[in-house]
Amino acid sequence: MTNMMRASGILLLALAQQSGVCAFAPFAMSSSSSSKRKVKTNQGKAAGGFGKKEDAVPVSHSRDESQTTQNLINFLLQWKSKGLGVDAEAGTEIGYDENGFRGLYAMKAFKKGDIICKIPSDCALALADPSVAATEEMSEVDGAVNYLQWYAMNPQARQMWSPYIDTLPTREANFDPTPDFYTDEEIAQLEFPMIVKKALERKEQIAELAQKTNLPFDEVQFATWLVSSRSFSIKITIDDGDLVRETSEADADGLKGNSETYKMREQGLRVLLPYLDMINHESDNYNSELHLIDPEKDDAWFAIRAARPIKKNKEITISYGAAGVETSVGLLMNYGFIQDENKFDALLLKKGGDDCIDSVEGWSTTLEDDEQQLAAGVSGNMANVLRFRTKMKRSYPPTE
């Protein structure tokens with residue numbers, strides 16, 4: 001691995017060595033590598049009734065036995081990853097449910113707080129160089145260009161990371177288009193100012209960076225989708241090595257003291273996390289969370305920890321978005337899907353502002369109009385446009 005790959009391409013081990021401190025910020029979760037987006041609204045609910053609770057639920061998935069998935073698992077096991085594999089005691093496995101959705105499943109029961117699975121920080125692909133002070137937050141498009149140049153189009157890196165890169169979606173499979181793939185007319189049909197603005201801005205930024213870096217527009221656009229839908233955002237505190245002299249307040253005798261400390265800076269960083277990005281989204285009843293263990297040590301880990309008891313054969317889920325909070329605007333903009341139930345939409349509409357539509361009467365069509373179009377069998381991007389519009393319209397408070 002080249003020095004650039006170590007400095008910018010991961011090793012949160014390297015980040016920990018530089019910073020001594022590394023803490024998770026609210027993060028955006030990627031989508032599952034599935035042919036269809038899987039969003040559940042009833043996961044994690046305890047079974048009702050009296051008597052002893054079982055430690056397992058009926059098996060509702062079939063194991064993913066593809067060679068690409070097996071190659072990924074073997075690769076991660078070589079790096080001493082824990083909680084994954086084909087052994088019954090491994091803890092987790094990748095599987096498909098009866099509808100063909102791919103996700104991560106518990107192979108044994110977990111208690112709240114248990115570590116379900118973990119990968120070493122060496123297995124994370126960073127999408128920015130933490131040694132370079134950022135003047136502004138890195139966008140998904142910036143991360144996409146770095147992904148292409150450092151990994152996908154770098155022969156040495158591509159070979160090393162092929163067990164992971166080969167599991168990523170392609171345009172032909174496992175791809176849910178986000179609004180920046182829509183035509184300008186389709187984007188306009190979304191109507192909601194916040195998402196219309198975001199989609200147009202991202203399309204413009206993709207075009208600008210593609211031209212600036214001499215990379216194909218289509219390559220940058222799809223890499224942007226990979227980054228927005230699959231990367232995690234973290235914050236790190238980095239020691240720049242600059243000494244700062246501080247003068248203390250005068251003591252009782254009127255004497256002042258001097259001390260020296262190192263200047264620290266906080267910086268955001270996007271990372272791709274193999275295997276962990278297979279986990280599907282659930283808004284209200286997710287059963288696990290992402291944690292960083294021992295960031296100050298050389299052997300730091302990215303881990304999935306149980307947020308509640310999880311029974312054997314249960315799907316493992318997390319909540320996407322900043323601090324597990326993502327509205328339909330964010331879900332469609334970054335992951336390409338709409339969730340049937342999302343309590344955060346009502347909060348967004350209640351807050352209001354110039355980027356919102358104040359009331360259901362402010363839309364160009366009624367809820368009934370959009371529902372009729374969906375029922376008529378609209379497909380493609382317009383189907384998601386209508387799903388978004390109906391979801392937002394249902395989220396307004398009832399009129400008196």
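Me: What angle and axis distance describe the packing of helix α4 (residues 140-152) and α8?

Reply: In this predicted model, where local features need pLDDT of at least 70, side-chain atom pairs count only at pLDDT 80 or more, and totals for chains, interfaces and linings use all residues, α4 and α8 pack at an angle of about 35 degrees with their axes 9 Å apart. Residues are numbered from 1 along each chain as its sequence is written, and side-chain values use heavy atoms, leaving out hydrogens and water. The axes are lines fitted to C-alpha atoms, for helices over the stretch in contact, and angles run from 0 to 180 degrees between N-to-C directions. The crossing of α4 and α8 is right-handed (the near helix is turned clockwise from the far one by less than a right angle).

Me: Which residues make that contact?

Reply: From α4 come Glu140, Val141, Asp142, Val145 and Gln149, and from α8 come Arg202, Gln205, Ile206, Leu209 and Thr213. Contact means heavy atoms within 4.5 Å. By class there are four nonpolar, three polar and three charged residues, with Ala, Val, Leu, Ile, Met, Phe, Trp, Tyr, Cys and Pro counted as nonpolar, Asp, Glu, Lys and Arg as charged, and the others, Gly among them, as polar.

Me: Good, on to the next pair. What makes α8 oblique to α9?

Reply: The axes of α8 (residues 193-213) and α9 (residues 217-230) come within 9 Å and cross at roughly 125 degrees. Angles under 35 degrees count as roughly parallel, over 145 as roughly antiparallel, 65 to 115 as roughly perpendicular and the rest as oblique, so α8 is oblique to α9. Here, too, α8 passes its partner in a right-handed crossing. In this contact, Arg202, Lys203, Ile206, Ala207 and Ala210 of α8 meet Phe217, Val220, Gln221, Thr224 and Ser228 of α9; by class these are five nonpolar, three polar and two charged residues.

Me: Why is Asn214 called exposed?

Reply: Its relative accessible area is 70%, and exposed means over 50%, buried under 20% and partly exposed in between, with a 1.4 Å probe and protein chains only. Asn214 lies in the loop between α8 and α9, and its phi is near 60 degrees, a positive value in a residue other than glycine. On the loop between α7 (184-190) and α8, Glu191 has a phi near 70 degrees, again positive and not in a glycine.

Me: What makes β5 and β10 edge strands?

Reply: The order in this open sheet of three strands is β5-β11-β10, and β5 (115-120) and β10 (288-293) each pair on one side only. Neighbouring strands are turned by 20 degrees against each other on average, direction ignored.

Me: Why is β11 described as largely enclosed?

Reply: Five of its six residues are buried, so the rest of the structure largely encloses β11.

Methods
Helix = DSSP H or I, 4+ residues; strand = E, 2+ residues; numbered from the N terminus. Pairing = 2+ DSSP bridges.
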